[in-house]
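Let's take a walk through this structure together. Keep the sequence and the 3D view side by side as you read.

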Amino acid sequence: MKVLAFDIDRDLPQAHRDRKLLRWLSTVDHKQIGKLYLLAALLFFVIGGTEALLMRTQLAVANNHFLSPEAYNQIFTMHGVTMIFFVMMPALLGLTVYFTPLMIGANEMAFPRLNAFSFWITFMGGLLLYFSFAAGGAPDAGWFNYAPLNQNNYSSNGVNYYCMGLLLAGIGSVTTAINVIVTVLTLRVKGMSLKRLPLFVWMALVNSFLIAAAMPALNAALCMLLLDRLLYANFFNVPAGGSALLWQHLFWAFGHPEVYILILPAFGIFSEVFQVFSQKKIFGYAFVAGSTVAIGLLSFGVWMHHMFAAGMGNTVNSFFAASSMLIGIPTGIKIFNWIGTMYGGSIRLRVSMLFAVAFLIEFTIGGLSGIAFSIVPIDWQMTDSYFVVAHLHYVFVGGSLFGVFSGLFYWFPKITGRMLSEKMGKWFFWLFVIGFNLTFFLQHFLGMMGMARRVYTYAEIPGYTILNLLSSAGAYLMAAAALVLFYNIYMTLKQPPLQNKDPWNAFTLEWYADAPPKKKNFVDVPVVNSRRPFFDLKNPDHPDRD
Amino acid sequence: MYWQVSFLRICSTMNLVTAGALLKVTPEFPLQFVLKSSSKQAEEINRLSQYFFIAAGFILLVVVVLTFTFLYNYNEKRTAVTQRKTLSRKWEIAMIGVPSVLVVIFFILTLNTMQRVLPPVNNKTPDVVITGQQWWWQVAYPASGALAANEIHLPVKKDVLLLLRSADVVHDWWVPQFGNKMDMVPGRDNFIWLHINEPGTYYGTCSEFCGAQHAHMQIQVVAQLPAEFENWVQQQKKLQPNTLTVGAQLFLRKTCATCHRIGGTAANGMSAPDLTHIGSRKTLLAGMMRNTEANLARWISDPQKIKPGAKMPNFLLDSSEVHAIASYLYSLK
Amino acid sequence: MSLDKRTWLIGSVKRIVTSKIDRMQNKIMMRLTIGSEAIFFISLMIAYAYFWQSGHFGQAATSHLDIFKTGVFTFLLISSSFCFYRAERAHRNGKTTPMVRWLLATVLLGFVFLAGQAHEYYGLLKQHLSISSSEFGSSFYALTGFHALHVLIGLVLISILLALSVRGYLSNSGSSLLATVGIYWHFVDVVWLCVFTLIYVLPYCI
């Protein structure tokens, strides 16, 4: 709640006057908080990536003893939780809080102090989660932490830290979401009706509603689990009358919207990138925005497709099969919107666009294997195998992470005033994409050959070793690619800043601001008459008319 | 399908290269491939899978071809910014229409296949009750009262109803070539139907993460002709004589009997695998080791080293005691 | 308190928001917050309902819980909502003294409700109904406990409003603080009505 008025000219400089390090702690500037989110995501990305490498090293050969089963179980749990809650969420929320105000012509978020609170509580959640290593073992029951494996007698103390860490991060996400919604609803510049909102902001808006509605289900489940573990309540303790399935219902009632929470901002980024790098308006703006709303609504009615093999009965299963298949339609529409945007354009294959194009194909693969899981009998066959591991990485990496990379290359000149090297960027792109497909495409076959997910080792079965070995090699390729990216960022930051604040010939208002933007984003904001206000400003002879 | 067969062949050649000179403690298993249907249920599912893969392949092809065509045709080198063209509105209708039609078709196919794979149980008594436990399978045959562990014998060419239960956390039954999997949820009774086509040994694994040794919870199904299966059940029902060998005495004295059962003797524990006919099984510890006397001894002397996390503690036996127990157990055919 | 700190505080209080856009932001924010919180409570209520059959909740509720006593406290909580409504009206009309009185009444009634709940918990614990004794205990304490936590948060908020209004800082009727906190406080009441119906009333109806 805003009690005291916030004035950028008075309050921001005050925060900036502080000493250097303290300035990062005390800042309420949405751009600096956005950067904090991105840095936190980077930190956890390195940690989560290292965990992934440890896992792939363990799985490189059959009957391996590189990691003990307990260590492996902790590491795969931490990998999942870290990547979802402390890499993808902060990275996407970071881009959201950085660019939403800029794209709608606002100077700040609606609640700048709340914005700082959101970041720090999310970050604290991550630290608390990792503190578990020092407090008797990390959580070891998987990222969806099924009951009753999540009870005291079956899992480590780390599960307590899982609960507390995710509760904090969950509260942080909800407050950010509310902040974003209020910002978009109240701080749009004159002329920017909802019909003219940049698509990234549309996605951020729908996404924020999803976060605000989905997180509480997880928070409630986590509270119940904490009561179980610390006060010996009986929610999920089956012998004492608890229920194993209640956890699954609550978790997936959050968990499936969460999947869309991770992909919608990426959709938003791609919608901008496809337009700018094809030098063309989006094909079917209303369809992209409308299908996002459809996805948002449908995502709350599909959670039980994660439980097709839990024995819920054919009637229930067919209802959720129908809703899960339906959600494929708006997603498919989007893919064709982006392809249609490229048609007739003038395509510049910069790194940002390369990731967008790669996304089209990887995400189609991931989306189609996702549709396979909405077909109940195929789900019965393939769920909980490596086929699922392949599927979820195709959507999380090929979708969300590629979105972050694409956005990073697109917006880096805006955030820092410097262009990332295209040459090194292309090395990064090809290494990463090849490594990614090597790692995960083969896992489809491992799943079809009966390899269950989350096994710390496997027996000698024809084909297993060679496919796993190649899969591990791909993981190391991705790690090498990440090093190239870090080196690229490091070298770029040492360069002098660009003079050109609009290197991509972009369309939206964030490029109208300075690069990097001043403390107050806009001194004067142009009147918005179309969906591409900055384009109109640059082409006064033939402005947009919608 | 040809490509399946050739894929399998490639995989088995690869295995010759990779199977090194490791100690042959761990068993090797033949490759199981989901698209190779060994049961009626798998046939149903795989028919649907094939339709799906064709449709999915078609969609992927369209996306890939369109993407690369546009990338080539509308590259900045080939088109000037001023030549911009847009797709007509008709495409928007097509991109909703085509997926919608596919969704309807696959929804109907899904309903049909679901009904055929998992028809209602209607209070029928299950033929087999399989209970998942950390980290082994208890198998009971209600009709005959026979008990076994880990090695599951089933008759072929017959509709068999499996009742799946869990004694602790969520486990999951999955034999890839039999088609559908099913969770074993504590506090719930889940059923699946199975109609195996051919005799043989089939392998599967627990597919829901269930703790430290989730990886070592293999399923072995020995599918037999009904007559052979009946023989096997009768054999399993046979009790073991009370012998006075050192091993048998130690088994009772060293509290093994608190958890394990050996039918016919005073060993009556039910919380660990039934050992009445352990000598006749091919593997130990749910598919983790070959069943040899030496491996039994290795396990008994330090369980936590072999399968860390398993419920069996180290009883600190000396090596003569270990060998006596191992040789007694191995003799229980 | 040092002198410059005090001037800072007073200086800030003068900046209590009154503009139209701030009012709008506060209200949208609070509506979204209670929307989100509502889903949290719905999840807990679903858990309660989920265990109802297996845990014989109907029987447990009728034998352990005193619907009349809790009914009285429910009435008090609803009256506190009414008091808050009157405070809001007084605030809109710029009448500070009645506003302070009504706010005081709100806080008092809220505390009485919490005291009533504490008394109820004490009695239940004496009957050996704890959070770990059965699914009923778990679900009951979780649901009512989290509601009590929200009442407590509301009381802290209203106490701050009370302090501000006693000092005269809320004399400007354009401030949205009361209206915003009001949305929350009425929400807490509505949640209690749902909880009360589910836990106390329904067992007698089914």
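**A look at chain C**

Chain C has 7 helices and 0 strands, where helices (H or I, at least four residues) and strands (E, at least two) are DSSP runs numbered from the N terminus. Follow the sequence of chain C along and the pattern reads α-α-α-α-α-α-α.

Before going on, a word on the ground rules: this is a predicted model, with local features needing pLDDT of at least 70, side-chain atom pairs counting only at pLDDT 80 or more, and totals for chains, interfaces and linings using all residues. Residues are numbered from 1 along each chain as written, chains are lettered from A and ligands numbered from 1 in written order, and side-chain values use heavy atoms, leaving out hydrogens and water.

Back to chain C: its C-alpha trace spans about 60 × 35 × 30 Å along the principal axes. Of its 206 residues, 50% count as buried (under 20% relative accessible area, with a 1.4 Å probe and protein chains only). Among contacts (heavy atoms within 4.5 Å) with a separation of 6 or more in chain C, 82% join residues 24 or more positions apart.

Now hop over to chain A, where A:S352 sits in helix 12 (residues 351-374). A:S352 counts as buried because its relative accessibility is 1%. Setting aside neighbours within four places in sequence, A:S352 is in contact with A:V273, A:F277, A:S406, A:F409 and A:Y410.
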